[in-house]
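Here's a quick walk through one chain, from the overall fold down to a few individual residues. Keep the viewer open as you read.

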Amino acid sequence: MKDPPDSEPQIERHSASGTGNGLRLGYVPALDGIRALAIAGVVGTHYWNVPQAGGLGVDLFFCLSGFLITTLLLEEHADSGEISLTRFYVRRARRLFPALAVLLVVYLAATEGHGLRTVALAGLYAGNIVRAFAHDPLLNSPLGHLWSLAQEEQFYLLWPAALIVLLRLRRNVAPIMLALLFVAVTVWRAFLAHHGASPARLQFGPDLRADGMVAGCLLAFLRTRISIKPPGVLSALAVWTVAIAAFFSLLLPDWQVYVRPMFNLCACVLVAAAVTGTRLAEALSARPLVRLGKISYSLYLWHLPVLAAIGYDRPWTALVAAVAVSELSYRLVEQPFRRQRLRGGGGSRRVEVAAATEAHLL
């Protein structure tokens, strides 16, 4: 099966039971556009020291992951009345691990085995915990950025099972719990910052970086219940809120602990605008952005190792090489495993649309 064409978002209406009626998400090119913005921020910080852009890009990835994972799980629950953890974890492994495994093997060969400890920590998705709480062998490593993948994987491990429990309770329990959790993480981070927690604890702690994903999860619940008309209002709101949050992030770098919750909420507005057919969604669906978004996972994996190999004083050359390597990784590693998953799913329309939605995920 080929990728859904960039110019034809696949959105279907469906009748959901247990989670409310709404739109089946399918493939939305604008979400790839958001991924492009996120990876551009990360690369901008690592290659040209653009202040705060990398942190905002990671937060945007986290918000998008929370939204998409929860949307997929809610749609599965609406279709079948249950959520299969086995199928979920198999899909995640096929989507994420092959490209990561190739990177780790290449890195291990390039370091002649000296990077085994770092590779093990990255492969076990423990980078965020190590960076937050322990001696940090990843800090100066070309694999140090993989801490965010560890954060993602820990979310994938915990959230589906928690969602199953929440869905067995009263209908509105899950969004209420998510809203309370978002506030709790925000207060807990402010408390630790006020009492002298280290920058590494605040930046990489798995508990303290959960609010972006929690906000995205909450958006998935609210998406089918709240309608903003006209869509132009949502576009304008998204542009202005994200711009203001980014401005404060740049202006007050020492206040990141307080600015981050605001940016995460603004990121949710941006994602909502992207899936609502706004003019902003049209802009985010521009072909160059969509293409960059499609390779963003591989580019995230490879951009720092390629920069380290070519030289930190040659960022433009490294960028060209990183994009080329990422394109190869996307075509030769990511796509074959994704197509294999689709063939194994029996080719049903429901499976195809779910896979189209999942294509946006890291």
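## The chain at a glance

The chain has 16 helices and two strands. Keep in mind that this is a predicted model. Of the 362 residues in the chain, 54% count as buried. If you take contacts between residues at least 6 apart in sequence, 74% of them join residues at least 24 apart.

## H3 against H6

Let's start with a helix pair. Helix H3 covers residues 85–110 and helix H6 covers residues 147–167; the two pack at an angle of about 160°, with 11 Å between their axes. Angles over 145 degrees count as roughly antiparallel, so that is the label for H3 and H6. The crossing of H3 past H6 is right-handed.

Who does the touching? On the H3 side, the contact uses Leu85, Phe88, Tyr89, Arg92 and Leu96, while H6 brings Glu153, Tyr156, Leu157, Pro160, Ala161 and Ile164. Sorted by class, the contact of H3 with H6 comes out as nine nonpolar, two charged and no polar residues.

## Zooming in on Pro160

Pro160 sits in helix H6. Is Pro160 buried or exposed? With a relative accessible area of 0%, Pro160 is buried, since the cut-off for that is under 20%.

Leaving out residues up to four places away in sequence, Pro160 touches Leu73, Leu85, Phe88 and Phe155. Take Phe88: 72 residues separate Phe88 from Pro160 along the chain, yet their C-alpha atoms are 8.3 Å apart.

## H2 against H3

H3 has another packing partner to look at. Helix H2 (residues 53–80) packs with H3 at an angle of about 145°, and their axes are 12 Å apart. The crossing of H2 and H3 is right-handed.

In this contact, Ile69, Leu73 and Glu76 of H2 meet Arg87, Phe88, Arg91 and Arg92 of H3. By class, the contact of H2 with H3 has four charged, three nonpolar and no polar residues. Phe88 and Arg92 turn up here on the H3 side, and Phe88 and Arg92 are also part of the H3 contact with H6.

Helix H9 runs over residues 211–222, and at 1.5 Å a residue its 12 residues should span 16 Å; the C-alpha atoms at its ends are 16 Å apart, so the two values agree.

How many of the 12 residues of H9 are buried? The count is 11, so H9 is largely enclosed by the rest of the structure. The buried ones are Asp211, Gly212, Met213, Val214, Ala215, Gly216, Cys217, Leu218, Leu219, Ala220 and Phe221.

## Two loop residues with positive phi

Asn49 lies in the loop between helix H1 (29–48) and H2, and its phi is near 55°, a positive value in a residue other than glycine. At 65% relative accessibility, Asn49 counts as exposed.

Tyr125 is found in the loop between helix H4 (116–123) and helix H5 (127–133). Phi of Tyr125 is near 55° too, again positive in a residue other than glycine. With a relative accessible area of 16%, however, Tyr125 is buried.

## Last stop: Ala324

Ala324 belongs to helix H15 (residues 315–344). Its relative accessibility is 42%, so Ala324 counts as partly exposed. Between Ala324 and Leu299 there are 9.1 Å, C-alpha to C-alpha, and the two are 25 residues apart in sequence.

Terms used. Residues are numbered from 1 along each chain as its sequence is written. This is a predicted model: local features need pLDDT of at least 70, side-chain atom pairs count only at pLDDT 80 or more; totals for chains, interfaces and linings use all residues. Side-chain values use heavy atoms; hydrogens and water are left out. Axes are lines fitted to C-alpha atoms, for helices over the stretch in contact, and angles run from 0 to 180 degrees between N-to-C directions. Helices (H or I, at least four residues) and strands (E, at least two) are DSSP runs, numbered from the N terminus. Angles under 35 degrees count as roughly parallel, over 145 as roughly antiparallel, 65 to 115 as roughly perpendicular and the rest as oblique. A crossing is left-handed if the near helix is turned anticlockwise from the far one by less than a right angle, and right-handed if clockwise. Contact means heavy atoms within 4.5 Å. Ala, Val, Leu, Ile, Met, Phe, Trp, Tyr, Cys and Pro count as nonpolar, Asp, Glu, Lys and Arg as charged, and the others, Gly among them, as polar. The expected span of a helix is 1.5 Å times one less than its number of residues. Buried means under 20% relative accessible area, exposed over 50%, partly exposed in between (1.4 Å probe, protein chains only).
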